[in-house]
Amino acid sequence: MSPPLPSRRGVLGGIGALAVAGSFGLAAANRSASAIASDADVRVRYWNLFSGGDGANMIAMLDAFRAANPRADVKDSTLQWGNPYYTKLAMAASGNRAPDLAVMHLGRIPGFAPGRLLDPWDVRLLARYGVREADFDPVLWKRAVVDGKLYGLPLDIHAQLCFYRRDVCEKAGLLDAGGDLAQVTSTEDWFKALKAAKKAVKGDVHTIGIKADEPNFSWWFFLSFYTQLGGTVLSADGQGVTLDTDKATQVLEFLRRHLTDGYSTAIGIADGEAFVNGGAFTWEGNWSVPVFSGAKLKYGATPLPPVFGKPATHTESHCFVLPHQSRRGGATNEGAHQLAAYVVKNATAWARGGHIPAHLPTLDDKKYLALKPQSEYVSAMDHMAVEPPAWFAGSTGLLAQRIGPVITSSNVGSARPDATARRMKDVLEKLVAMKNPMEGRAATEGGSAA
């Protein structure tokens, strides 16, 4: 889908270019052959899956780097977002043809057989370039650690958000004294707010978009509200299914009510357009910020409403990884560490695409605090609803592929919420019994749980 539609596929689905770097103080005596060929001190081969608004921001950073660091060379390659990217990265790592540095979703690390397809980070080398564990949220850092070793360097947090039109919500009386969306803490208060908003919406657009028929978003929204209820999906070791079907049914009924009460439709693909054309709300990922800002809307964004009392909103993270190389080391490996550290520390520019920087000191940067609505939803970092630590989880993983369509069947009314909850549990039980193709063991056998 093409802009201005703010979907994940539209914003991130194409192929673009990305590279960023810092100053490499590496001795010319350690130059690799490829670097010598380009007359650079070192060349770092870097794979990523960014395009759209993300790609544009990072291309600008690359241009700035090239102007300031003519002796450092980053050979970047942008591959197709989603499973095609991960398949190619796994094949390259297993065949000893891996790049020096790559980007990965943090939830994908357990399934990538750390120690075989990924190399651990040298935390002392990262510290030399100014990046330390203390600079990150403990929950985020822990997700990147497997068997005591760091396999992912977090770059950001991208969250599911509640976007709201200030003009519509002001007319509906839903803004607080500061002009932001007043928080609701129960399902009934939320539907009262939607009722008021519906009266303020002009034309035929629906009141709120929840992407009811899109599997990935349906899973992310379900996980958010299910986490608010204190529910878990898998046991801590990732080997057992812990889905509470009563709590799951409660969430599914809540999601379904948006359609049965007439506030949304099953045509999720039109949610972004409805918001641009006057809808009061839409639930979207933070990557939609550039799209809505580009449309010159008067809008804000908050984490998903804590309607079940406990704040929680689905988040994922981009992180840097070191794909396995049999001879990793030397100036190129040092360059990969320095490049990743530079990008992480200079993430204010990256935040323009809507992402929350993972590097905590960046959140105090005046330039970041001036970004709107980015600074309005930074609290999502404190209430992260993340996928379970299993090989089949993570962005575009088997978990979302298998369980997302089950949730949409309830959303659109083709299955009852209670029956859907039981089907979800069945899907999970089949997944934990399935062998990880990259490791040969199932989750029930202790395979690849972080």
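Me: Hi! Are α16 and α17 roughly parallel or antiparallel to each other?

Reply: Hello! In this predicted model, the axes of α16 and α17 cross at roughly 170°. An angle over 145 degrees counts as roughly antiparallel, so α16 and α17 are roughly antiparallel to each other.

Me: How close do the axes of α16 and α17 come?

Reply: They come within 9 Å. On the α16 side, the residues making the contact include Leu398, Arg402, Val406 and Ser410. On the α17 side, Pro417, Thr420, Met424 and Leu431 are among them.

Me: Which way does α9 lie relative to α16?

Reply: The axes of α9 and α16 cross at roughly 85° and come within 7 Å. Angles of 65 to 115 degrees count as roughly perpendicular, so α9 is roughly perpendicular to α16. Trp219 and Phe222 of α9 are among the residues in this contact, and α16 brings residues including Ile403, Pro405 and Thr408.

Me: How many residues does α9 have, and how far does it reach?

Reply: Helix α9 runs over residues 215-228, which is 14 residues. From its first C-alpha to its last it reaches 20 Å, close to the 20 Å expected at 1.5 Å a residue.

Me: Why is α9 described as largely enclosed?

Reply: Because 13 of its 14 residues are buried, α9 is largely enclosed by the rest of the structure.

Me: What's going on at the two ends of α9?

Reply: At the start, a side-chain oxygen of Glu214 comes to within 2.9 Å of the backbone nitrogen of Asn216. After the helix comes Gly230, with a positive phi near 85°.

Me: New topic: which residues other than glycine have a positive phi?

Reply: Asn96 is one of them, with phi near 60°. Lys296 also has a positive phi, near 60°. For background, most residues other than glycine have a negative phi.

Me: Where do Asn96 and Lys296 sit?

Reply: Both are in loops. Asn96 lies between α4 and β3, while Lys296 lies between α12 and β11. Asn96 counts as partly exposed because its relative accessibility is 44%. Lys296 counts as exposed, at 73%.

Me: Which peptide bond is cis?

Reply: The bond from Lys372 to Pro373 is cis, with omega near 5°. Pro373 is in the loop between α15 and β15.

Me: Now the big picture. How many helices and strands does the chain have?

Reply: The protein chain has 17 helices and 15 strands. Of its 450 residues, 58% count as buried. Among contacts between residues at least 6 apart in sequence, 78% join residues at least 24 apart.

Me: What is the average pLDDT of the chain?

Reply: The chain averages a pLDDT of 87, and 89% of the residues score at least 70. Over residues 1-37, though, the pLDDT is below 50. That stretch has 109 contacts in the model beyond near neighbours in sequence.

Definitions and conventions. Residues are numbered from 1 along each chain as its sequence is written. This is a predicted model: local features need pLDDT of at least 70, side-chain atom pairs count only at pLDDT 80 or more; totals for chains, interfaces and linings use all residues. Side-chain values use heavy atoms; hydrogens and water are left out. Helices (H or I, at least four residues) and strands (E, at least two) are DSSP runs, numbered from the N terminus. Buried means under 20% relative accessible area, exposed over 50%, partly exposed in between (1.4 Å probe, protein chains only). pLDDT is the predictor's confidence in each residue, from 0 to 100. Contact means heavy atoms within 4.5 Å. The expected span of a helix is 1.5 Å times one less than its number of residues. A polar contact is a pair of N or O atoms within 3.5 Å; within protein, one must be able to donate a hydrogen and the other to accept it, and residues adjacent in sequence count only if both atoms are side-chain atoms. Axes are lines fitted to C-alpha atoms, for helices over the stretch in contact, and angles run from 0 to 180 degrees between N-to-C directions. Angles under 35 degrees count as roughly parallel, over 145 as roughly antiparallel, 65 to 115 as roughly perpendicular and the rest as oblique.
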